[in-house]
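Q: Can you walk me through this one? I'd like the overall picture, then some residues.

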Amino acid sequence: MDIVRVALDVPLPRLFDYLAPDSAESDIGRRVTVPFGTGSRTGVIIELAAASEQPNDKLKIVTAILRDMPALPSEWLALCEFCARYYQTPLGEVTSFALPPMLRRGKLPRMKKQESTEIAVPSAPSARDTVPALPQLLAAQQAAVEAIAGIEGFHTLLLHGVTGSGKTEVYLRAIAAVLARGGQALMLVPEIALTPQLEGRVAARFPAAHIVCANSGMADAARARGFLDALSGRAQIVLGTRLAVFMPLPRLQLIIVDEEHDASFKQQDGLRYSARDVAIWRAHQLNIPVVLGSATPSLETFHHAQPKADARPGQPDGGTGRYQLLELPERAVAEAMPVVRIIDTRREKLQEGLSAALLAGLQLRLERGEQSLVFLNRRGYAPVLACPPCGWISRCQRCAANLVLHLADQRLRCHHCGFEARVPRACPDCGNVDLLPFGRGTQRLETMLVERFPEARVLRIDRDSASTPKKWQALLATIHAGEADILVGTQMLAKGHDFPLLTLVGAVGADAALFAADFRAPERLFAQLMQVGGRSGRADLPGEVLIQTEYPDHPLYQALVEHDYVRFARSQLGERRIAGFPPFSFQAMLRAEARTMEQSLAFLAAARNAAAALADGVTLYDPVPMRLQRLMTLERGQLLVESVSRPALQAFLAKWMDKLYALKMPGGLRWHLDVDPLEF
Ligand code: ADP
Ligand code: ZN
Ligand code: ZN
């Protein structure tokens, strides 16, 4: 047994064999440096073998097996193997992605003296682990905590409750129970910006616990150290964004996925995994509970948390009954839910996009010294700059998209590829100097509000004004200090921040999502508006949400007025069932990009032909151009694959991938497969 089979970060679905005369069983899961091509690479040893398919004299010898940290446990390797299989991604790409960059490169961070990299013994909970003044749980919270504590083995629970209903408090109690048993807990959150805030709250609750954060914004060494702390068992709580689902945790007893519906749990490039779905698989593998929390669960999750139809006679629209639903029906602190009002803008002449009702609401908050937020999910000044006489519009040279006008710094920017140019003084086609901005973004709204309310302090919060974590923290501090009166912001503001002075939220420009081509757009809009509305109001200052729309009777808005997620979810699921969309089917998307659309579509057509003999119980649609056809000068097409059976889809994809790797491709063409795609 002197051959090691190594997973290397190479886009080929296979392992690589090397001679390693001194290798032992205990080296499985260790990093290893090997010669590759003309250079060298670091990978992970997956197996030992007595013989290779290649003759031994053709095999190269490993440079070094890195024994300076504990081997990655078999559970971790199995997790990576699952992802490789499920997402049809080479194992070496998965293991490489799952390791922090520093460890991936074969290095180790410098550790403090006492932090040997031996496996640590769990520390017994000390008296300091209990914090005296815990709030008395509400009955629904108590029931949820008990339900989680009562789970033995694998189970998925959905904790459904609006912002402020006390979900985090439930998580903290569940984590406390895990720590008391000497276990480790993993908590995933969607946004890097939210981890410091949550870390503060967790640290305050568990002052003696070893807490580790994991997100892509961290410095290399800190991330590697956190990984080693988790692997050695020293870390008791890991908090992180989607990539934290790959933290090795030898005593993991509980996984929590907060805001489980959030699209950022799905990675959109490389390994296109859903951290929520991987978390559920991992909990299953380890036979532990996983808690998904949300005010607006994804429809997939909600469907699993609904009882089966046959359990409720006369109810044709049952779910799968696979998850346990835990409801937190009211806010934990004495806060009323905000009053949601729909502003019908069909017959009104708006002032720079704002209705009289919204303007009056802003004025009233100003007089009372309270804060308002105008929510518009489009940054920049205007989505396009145009020359009306000749028809010129600002287009990106590299993408099939308009350049967005950013007046603040006099630039035209492509929000897809990052291309930018100076705002032209005159039309490049006809020389006309009266170029007009069309449509409205946050900058334009800000300008208008400053003019309209000269006495107000207007603050814009979007990815331009909060381009670094530091700027973002500074903006939050300004809001908390009450040094802003009117906030203009994108969805950045919607997530997980409490603004005690905020009593009015106005939503403008939301209608576009009602009729978007993407069938998930209404689900996202509902979640966004619920979330942004949830920011307003407190005990003595009830909040108000004004939604401007030309479709005041739309069921989505009506459900918002009633704060009725369940009604919205049921009606959406009804539509999805009829249309055969997820969760009533399972999908994968093959995408190709090339210099010409003909090349992309031809590749996809060949891929479709190659599937003909394999496609059992699977539907392949026609190759079509993607909605954003051209990105970074590449022409993009897509081919949707669908099945009512996940196993059938998986079996098909595995066989299809072999064919795809063998297909002839024109130079420059690239393709990838996206399993359970979120974007269309
Ligand atoms: P969510 O995570 O659902 O938004 P939180 O757990 O953050 O809700 O609770 C919202 C607020 O209410 C927090 O300030 C929290 O400390 C407080 N809180 C939670 N549960 C209780 C309770 N049972 N009694 C009093 N306050 C509570
Ligand atoms: Zn572009
Ligand atoms: Zn012109």
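A: Here is a quick tour, going from the whole chain to single residues. Bear in mind that this is a predicted model.

Q: How many helices and strands are in the protein chain?
A: The protein chain has 17 helices and 29 strands.

Q: What does the C-alpha trace span along its principal axes?
A: About 80 × 70 × 60 Å.

Q: What share of the residues counts as buried?
A: Of the 680 residues, 54% count as buried.

Q: And the accessible surface of the chain, what does that come to?
A: About 29500 Å². Carbon and sulfur atoms hold 53% of that surface.

Q: What share of the contacts comes from residues 24 or more positions apart?
A: Taking contacts with a separation of 6 or more, 73% are between residues 24 or more positions apart.

Q: Charges next. How many positive and negative ones are there, and how far apart are their mean positions?
A: There are 76 positive and 72 negative charges. Their mean positions are 4 Å apart.

Q: Now residues. Where does glutamate 593 lie?
A: In strand S25, which covers residues 586–594.

Q: Is glutamate 593 buried or exposed?
A: Buried. Its relative accessibility is 18%, and the cut-off for buried is under 20%.

Q: Which side chain does the side chain of glutamate 593 make a polar contact with?
A: That of arginine 670, at 2.5 Å. Beyond its sequence neighbours up to four places away, glutamate 593 touches several residues, including Ser600, Leu634 and Gly668.

Q: What about arginine 591? Which strand is that in?
A: Arginine 591 lies in strand S25. It is buried, with a relative accessible area of 9%.

Q: What does the side chain of arginine 591 pair with in a polar contact of 2.9 Å?
A: The side chain of histidine 672. The arginine 591 side chain also reaches the backbone oxygen of glutamate 679, at 3.3 Å.

Q: Which residues is arginine 591 in contact with, leaving aside neighbours within four places?
A: Among them are Arg272, Leu604, Met626, Trp671 and Asp674. Arg670 is one of the contacts of arginine 591, and Arg670 is also touched by glutamate 593.

Q: Switching to backbone geometry. Which peptide bond is cis, with omega near 10°?
A: The one from proline 582 to proline 583. Proline 583 sits in the loop between helix H15 (565–579) and S25.

Q: Why point that out?
A: Because most peptide bonds are trans, and most residues other than glycine have a negative phi.

Q: OK, phi then. What is the phi of glutamine 88?
A: Positive, about 55°, although glutamine 88 is not a glycine. It falls in the loop between helix H1 (74–86) and helix H2 (91–98). Glutamine 88 counts as buried, at 14% relative accessibility.

Q: And what is the phi of histidine 563?
A: Histidine 563 has a positive phi of about 55° and is not a glycine. Its loop runs between helix H14 (555–561) and H15. At 26% relative accessibility, histidine 563 counts as partly exposed.

Q: Where is phenylalanine 568 found?
A: In helix H15. Phenylalanine 568 counts as buried, at 4% relative accessibility.

Q: What does phenylalanine 568 touch, not counting residues up to four places away?
A: Pro522, Glu523, Phe526, Leu556 and Ala559. As for threonine 296, it is 272 residues away from phenylalanine 568 along the chain, and their C-alpha atoms are separated by 9.8 Å.

Q: Last one. What separates the C-alpha atoms of alanine 263 and tyrosine 18?
A: 40 Å, and they are 245 residues apart along the chain. Alanine 263 lies in the loop between strand S10 (252–258) and helix H8 (275–286). Alanine 263 counts as partly exposed, at 33% relative accessibility.

How values were computed:
Residues are numbered from 1 along each chain as its sequence is written. Chains are lettered from A and ligands numbered from 1 in the order in which they are written. Side-chain values use heavy atoms; hydrogens and water are left out. Helices (H or I, at least four residues) and strands (E, at least two) are DSSP runs, numbered from the N terminus. Buried means under 20% relative accessible area, exposed over 50%, partly exposed in between (1.4 Å probe, protein chains only). Contact means heavy atoms within 4.5 Å. Accessible areas come from the Shrake-Rupley method with a 1.4 Å probe; for residues, only the protein chains shown count as cover. Lys and Arg count as positive and Asp and Glu as negative; His and the chain ends are not counted. The place of a charge is taken as NZ of Lys, CZ of Arg, CG of Asp or CD of Glu. A polar contact is a pair of N or O atoms within 3.5 Å; within protein, one must be able to donate a hydrogen and the other to accept it, and residues adjacent in sequence count only if both atoms are side-chain atoms.
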